[in-house]
Amino acid sequence: MDTSTLKDKLARFGRTLALLLNRSLMYQKSHPMVKDSIKDVHKWAEILLTTISPVVFILNRELFYVDEEQLDPRINVKRIAHLFKTHGIQSVSFESGVSE
């Protein structure tokens with residue numbers, strides 16, 4: 001039985017998405033580490049989408065949030081924030097039916 005709270009699930013999703021984005025900046029999409037990260041993000045997105053939809057990853061004032069929960073400040077997001085800013089991305093949303 002899963003006893004983790006929604007806040008824990010949002011935090012886990014945020015960590016896995018940040019890891020995917022960092023890895024994708026270092027490696028190509030065919031790299032095994034990127035492929036594993038995609039699977040992890042998809043798994044956590046599906047778990048969250050049973051409760052909330054959409055699940056939104058947001059950049060606001062140099063900080064990332066998953067919905068309203070701030071991403072763990074120990075996670076290095078400088079490159080991800082730079083990527084979002086240079087491409088004009090404010091948020092990424094995941095909705096039911098998302099696939100790897």
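**View 1. Exposure of glycine 97 in the predicted model.** Glycine 97 has a relative accessibility of 75% and therefore counts as exposed (over 50% relative accessible area, with buried under 20% and partly exposed in between; 1.4 Å probe, protein chains only). Glycine 97 lies in the segment after strand 4 (91-94); strands (E, at least two residues) and helices (H or I, at least four) are DSSP runs numbered from the N terminus. Its C-alpha atom is 8.4 Å from that of glutamate 46, 51 residues apart along the chain. The model is predicted: local features need pLDDT of at least 70 and side-chain atom pairs pLDDT 80 or more, while totals for chains, interfaces and linings use all residues. Residues are numbered from 1 along each chain as its sequence is written, and side-chain values use heavy atoms, without hydrogens and water.

**View 2. Packing of helix 1 (residues 6-26) against helix 2 (residues 32-49).** The two helices pack at an angle of about 155 degrees, with their axes 9 Å apart; axes are lines fitted to C-alpha atoms, for helices over the stretch in contact, and angles run from 0 to 180 degrees between N-to-C directions. Helix 1 is therefore roughly antiparallel to helix 2 (angles over 145 degrees). Contacts (heavy atoms within 4.5 Å) involve residues including Phe13 and Leu17 in helix 1, and Val41 and Trp44 in helix 2.

View 3. Strand 1 (residues 55-60) and strand 2 (residues 63-66) pair over four bridges, and phenylalanine 57 stands opposite valine 66 in strand 2.

How values were computed: Parallel < 35°, antiparallel > 145°, perpendicular 65-115°, else oblique. Pairing = 2+ DSSP bridges.
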